[in-house]
Structures are given as C-alpha cells and as structure tokens.
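Keep the sequence and the 3D view open side by side.

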Amino acid sequence: MSESMSQRRRSGDPDRSELPSYLVSDPRRRPDPATRELAQGLGWFSIGLGVTELACGGAIARWLGMPRSAPVIRAYGVRELLQGVGILGARDPTPWISARVAGDALDIATVLPGLEGHNPRKDNVLIALMALAGVTALDVICARSLAEAPLAPSEKVRRDYRRRSGFRRRAEVMRGAARGFKPPSDIIGPEAMRPWTLTNA
C-alpha cells in the first residue's frame with residue numbers, strides 16, 4: 001500500500017478509486033451520442049415529473065387511493081427536481097442517473113402498499129407500477145452505458161505526448177549512432193542471430 005493511500009485511510013477520506021464507477025463523476029467519460037441524448041431526456045423528464053409532483057401531489061395520492069402519501073409525493077418532487085438539474089448541469093451525469101435508479105426503487109416501495117387492503121384504486125396503482133418499471137429500466141440502461149463509456153486521455157497526457165516524437169533526441173542527431181556497436185561476447189542467442197564467422201561455416 002502506498003504512503004498516500006495509507007494517509008488517506010488514516011484521515012478517513014474516501015478513496016475514489018475504490019468506489020463503483022457509477023458513483024464517481026469523471027469528466028473524461030465519452031458516452032456515445034444515443035446515451036448522451038438519453039441522459040438529457042431523463043434530466044428533462046425528471047424536472048417535469050418533479051414539478052408535477054410538487055403541484056399535484058395531493059391529486060396523485062388520491063388517484064392512487066393513498067391520500068396520506070401526498071406529503072411524501074411532494075418530497076419526491078423536490079428530489080426529482082434536484083436530480084434533473086444535476087443531470088442537465090453536470091459534465092458527467094453518471095452519479096445523478098444512478099441516483100435516479102435509487103429513487104425509482106424508493107418510488108416503487110412507496111406505491112406497492114397501495115395493492116394491499118381494500119384500496120378501490122388498485123388498478124391505478126398497477127398502472128403507476130408499470131410506468132415506474134419502464135422508467136427504471138431506462139435509468140438502469142443509461143447508468144450502465146454511462147459507467148462503461150470509454151475515458152478520454154487527460155489534458156496533461158495529451159499535452160505531454162504532443163511535444164514528443166517518441167525518441168530521446170532528434171532523428172538527425174541519432175542517425176548513425178549505432179554504426180560502431182559491437183555486441184558483447186557473452187551474449188547467447190539463437191544461431192541465426194549470432195555474428196557470422198568462419199567457424200559457423
């Protein structure tokens with residue numbers, strides 16, 4: 001273990017390299033255009049859903065036959081707004097999309113009790129659960145695609161290699177430098193690579 005890692009662990013700071021890729025934001029990620037558009041769409045969807053839940057939380061709760069859940073739904077609206085703003089404003093929305101997956105699981109757990117007891121709106125609860133399942137699938141697909149996107153080299157690496165030709169010195173200086181090279185006599189290699197002498201004839 002390196003000294004920097006041991007110091008980090010003694011200080012209690014989390015090691016970003018040990019976190020799953022879907023929880024770490026990395027601006028070097030280069031997702032394909034379809035994944036990028038899907039993430040943007042989920043960001044706008046999250047904002048729209050958050051506004052709806054904030055404005056119509058009571059009506060949604062009554063439609064589900066769960067009127068006591070109105071404050072919870074409004075709180076989820078605030079969560080959706082924050083996630084949507086995070087997705088649209090981040091250079092790498094991977095952690096925000098992963099947060100949406102966790103939020104979907106919370107939404108499903110909140111709606112599921114509506115299927116119990118004598119709720120007269122169970123059909124509406126089933127519709128809501130199917131919609132949540134579809135959105136969850138999209139969020140999972142987007143989160144996985146973002147987490148597995150290739151990483152572009154950092155600016156430091158690009159700048160370093162831009163100034164190098166791959167050689168220690170210029171080609172003009174190195175030309176003919178190995179002309180007088182003689183391999184050491186103790187080198188043992190394949191017969192075809194040994195210097196040709198009369199003894200090999």
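Leaving aside its neighbours within four places in sequence, which residues is arginine 29 in contact with? Contact here means heavy atoms within 4.5 Å. The partners of arginine 29 are Ser21, Val24, Asp92, Thr94, Leu146, Ala147, Pro150 and Leu151.

Some ground rules come next. This is a predicted model, in which local features need pLDDT of at least 70, side-chain atom pairs count only at pLDDT 80 or more, and totals for chains, interfaces and linings use all residues. Residues are numbered from 1 along each chain as its sequence is written, and side-chain values use heavy atoms, with hydrogens and water left out.

Back to arginine 29. Arginine 29 sits in the loop between helix 1 (3-11) and helix 2. Helices (H or I, at least four residues) and strands (E, at least two) are DSSP runs, numbered from the N terminus. Arginine 29 counts as buried because its relative accessible area is 10%. The cut-offs are under 20% relative accessible area for buried, over 50% for exposed, and partly exposed in between (1.4 Å probe, protein chains only). The side chain of arginine 29 makes polar contacts with backbone oxygens. One is the backbone oxygen of valine 24, which lies 2.8 Å from a polar atom of that side chain. Another is the backbone oxygen of leucine 146, at 3.2 Å. A polar contact is a pair of N or O atoms within 3.5 Å; within protein, one must be able to donate a hydrogen and the other to accept it, and residues adjacent in sequence count only if both atoms are side-chain atoms.

Now step back to the whole chain. The protein chain has seven helices and zero strands. Of its 201 residues, 28% count as buried. Among contacts between residues at least 6 apart in sequence, 67% join residues at least 24 apart. The protein chain averages a pLDDT of 82, and 74% of the residues score at least 70. pLDDT is the predictor's confidence in each residue, from 0 to 100. Over residues 1-14 the pLDDT is below 50, and this stretch has eight contacts in the model beyond near neighbours in sequence.

Helix 2 (residues 33-63) follows. Aspartate 32 caps its N-terminal end, with a side-chain oxygen 3.2 Å from the backbone nitrogen of alanine 34. Helix 2 has 31 residues, but its end C-alpha atoms are only 38 Å apart, short of the 45 Å that a straight helix would reach. The expected span is 1.5 Å times one less than the number of residues. Helix 2 bends by about 85° at cysteine 56. The bend is the angle between axes fitted to the seven residues ending there and the seven starting there. Just after helix 2, glycine 65 takes a positive phi of about 75°. The buried residues of helix 2 include Gly43, Ser46, Gly50 and Glu53. Their cover includes helix 3 (70-89), helix 4 and helix 5 (122-147).

Helix 3 holds glutamate 80. Why is glutamate 80 classed as buried? Its relative accessibility is 1%. Among the residues that glutamate 80 touches are Ser46, Gly50, Glu53 and Asp107. The side chains of glutamate 80 and arginine 100 are joined by a polar contact of 2.8 Å.

Arginine 100 is one of the buried residues of helix 4, along with Gly103, Asp104 and Asp107, among others. Helix 4 has 18 residues and reaches 26 Å from its first C-alpha to its last, close to the 26 Å expected. The cover over its buried residues includes helix 2, helix 3 and helix 5. Alanine 109 also belongs to helix 4 (residues 94-111). Alanine 109 counts as partly exposed because its relative accessibility is 48%. Its C-alpha lies 9.7 Å from that of leucine 129, 20 residues away in sequence.

Leucine 129 is among the buried residues of helix 5, as is Leu146. Helix 5 has 26 residues and reaches 37 Å, close to the 38 Å expected. Helix 2 and helix 4 are among the elements that cover its buried residues.
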